[in-house]
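The following paragraphs lead through a packing arrangement and two individual side chains. Please keep the sequence and the coordinates in view while reading.

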Amino acid sequence: MVSTGDNAVTYKFSDLVGAIKSENIKELEVVENTALATLKNGTKIEVDIPSYNALFEACGEEMTAQIESKTL
């Protein structure tokens with residue numbers, strides 16, 4: 001994790017996947033190869049991702065379940 005100038009924290013791809021799997025993400029936006037997310041504690045994170053497809057392959061089931069239950 002690295003703090004950036006805009007109060008966002010830069011995470012690794014594996015950190016993001018772990019946060020999604022542990023249901024610790026409140027909001028998630030993917031723009032090209034960057035995921036912008038807000039953790040449930042309010043921390044904003046920025047993650048470079050290989051692609052949306054790679055993110056979905058890593059934790060798509062969890063993302064879908066959380067979107068359906070309106071927790072993501």
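This is a predicted model: local features need pLDDT of at least 70, side-chain atom pairs count only at pLDDT 80 or more; totals for chains, interfaces and linings use all residues.

What follows treats a pair of helices, then a residue in one of them, and then a residue in a strand.

The crossing in which helix 1 passes helix 2 is left-handed. On the side of helix 1 the contact is made by Phe 13, Leu 16, Val 17, Ile 20 and Lys 21, while helix 2 contributes Ala 54, Leu 55, Ala 58, Cys 59, Glu 62, Met 63 and Gln 66. Sorted by class, this contact of helix 1 with helix 2 has nine nonpolar residues, one polar residue and two charged residues.

Gln 66, which belongs to helix 2, deserves a separate look. Gln 66 has a relative accessible area of 3% and is therefore buried, the cut-off for that term being under 20%. When residues up to four places away in sequence are not counted, Gln 66 touches Ile 20, Glu 23, Ile 25, Thr 71 and Leu 72.

Turning to the strand, Thr 38 lies in strand 4, which covers residues 34-39. With a relative accessible area of 9%, Thr 38 is likewise classed as buried. Once its neighbours within four places in sequence are left aside, Thr 38 is in contact with Asn 24, Ile 25, Lys 26, Glu 27, Thr 43 and Lys 44.

Definitions and conventions
Residues are numbered from 1 along each chain as its sequence is written. Side-chain values use heavy atoms; hydrogens and water are left out. A crossing is left-handed if the near helix is turned anticlockwise from the far one by less than a right angle, and right-handed if clockwise. Helices (H or I, at least four residues) and strands (E, at least two) are DSSP runs, numbered from the N terminus. Contact means heavy atoms within 4.5 Å. Ala, Val, Leu, Ile, Met, Phe, Trp, Tyr, Cys and Pro count as nonpolar, Asp, Glu, Lys and Arg as charged, and the others, Gly among them, as polar. Buried means under 20% relative accessible area, exposed over 50%, partly exposed in between (1.4 Å probe, protein chains only).
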